[in-house]
Amino acid sequence: MAEQEGTDEWGNTGMASKRQSLGDAKVAKLDEFYTQLSDIEKELRHYKKHFKGKVVYLNCDDPRESNFFHYFSYNFERLGLKKLIAACYKSQDMDLFSRVDSERAIYLEYTGDKDGDRIPGRNEIEVTFLNSDGDFRSQESIALLQEADIVVTNPPFSLFRQYVAQLMEYDKKFLIIGNMNAVAYKEIWPYIQQNRIWLGVTRVGTGQMWFRIKDDAPVRKGQRVNENGERYQTIGSSAWFTNLDHLKRHEELTLYRTYDPEIHPFYDNYDGIEVGKSADIPVDWDGIMGVPITFLGKYNPDQFEIVGIAKAPLGEPSKVYPKQTQVGAAGTRSIVTKLNDGPALKLSAPPANKTYYEIDDEYYVQLYARVLIRHKRVTA
């Protein structure tokens, strides 16, 4: 489900320009996914050491009912937080979902339990009106961001590029949810390769994270309704993105395969071999290997080096193909002028029930984006 410029995370065309502004309430509804507390708890338990004495900012969360606010306010003392701040775009509603219809928003501040009951009561939470609509790009929101040490939230998927750019500009620590395919965005990939952003611990593109959605949200694939009539949406490529270190990131990936040309064919247009799954990484291969982007959930920077990604304009293929014939899985044929930018494998015969390309009586298959890696070898 790779996104292209001009399409949204769902593959809809014509939405990118509309979503440049959060002022379009109809578009904003499509970004309203609410994270379940269970998913937050499973991920956050791996980062406890990072939060002591810190100011945490939830800048895309309905502050009165957000499960992120619930988690941090009820665990304020256990985590040793200094302050919790929460704000949301045009939110003043007491219900779970804001109507996104007020030009002024609010933000909440919580500095811990005052009456000894260990429960964040309303009289312990300071509510302040903003002069603007709470857009994370507004000057008021940026001022709150500058006060924060760590940002934790589920930002609008359609504005993920802008959201991450802001975090990096202000040099903030963060733990956020995004589309796994975002790793291949030209705005995001350099941070991945430079080890300035990496994936979290749980739910790495597995399709197991379900988000609460509005009752009037568009009907799409991957939705269910629970026994209370509440609607949920799963996004198969959802993942946690962070620059907070965690132990899993330093676990060594156990490898047992050795190089086999039948299992690890060479690409025709990149200097490297194809490794279809992480378990097949050959322990004895010192050259470049192309692995699926899901490998990043197992990536150990002490064990592997990320060389690049085989997807233009980020990768540099060694071969560009001329006009060719695309043969669909059902046998339909069409002339195309450019093979897609991912790595290609040359075949000895046309594959059955699979799209392939004919170029000068030779056969090729096109692969999805591949992360190009190699082993880090310890030298004496």
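Me: What share of the 380 residues in the protein is buried, and what does buried mean here?
Reply: Buried residues make up 53% of the 380. The word stands for under 20% relative accessible area, with exposed over 50% and partly exposed in between (1.4 Å probe, protein chains only). This is a predicted model, in which local features need pLDDT of at least 70, side-chain atom pairs count only at pLDDT 80 or more, and totals for chains, interfaces and linings use all residues. Residues are numbered from 1 along each chain as its sequence is written, and side-chain values use heavy atoms, with hydrogens and water left out.

Me: Why is Asp-268 called buried?
Reply: Its relative accessible area is 18%, and the limit for buried is under 20%, so Asp-268 is buried.

Me: What makes Lys-346 partly exposed?
Reply: Lys-346 has 40% relative accessibility. Partly exposed is the range between the buried and exposed limits, so Lys-346 falls in that class.

Me: Why is the contact of Asp-268 with Lys-346 called a salt bridge?
Reply: The definition asks for a side-chain nitrogen of Lys or Arg within 4 Å of a carboxyl oxygen of Asp or Glu. For this pair the N to O value is 4.0 Å, so the pair is counted as a salt bridge. Asp-268 lies in the loop between strand E12 (238-242) and E13, and Lys-346 in strand E18 (residues 344-347), so the bridge ties together parts 78 residues apart in sequence. Helices (H or I, at least four residues) and strands (E, at least two) are DSSP runs, numbered from the N terminus. Both residues also belong to a salt-bridge network with Lys-319 and Glu-362.

Me: Why do E13 and E15 count as edge strands?
Reply: The open sheet of four strands has the order E13-E14-E21-E15, with mixed pairing. Strands E13 (273-274) and E15 (304-310) each have a single partner strand, so one side of each is left without a neighbour in the sheet.

Terms used. Two strands pair if DSSP finds at least two bridges between them.
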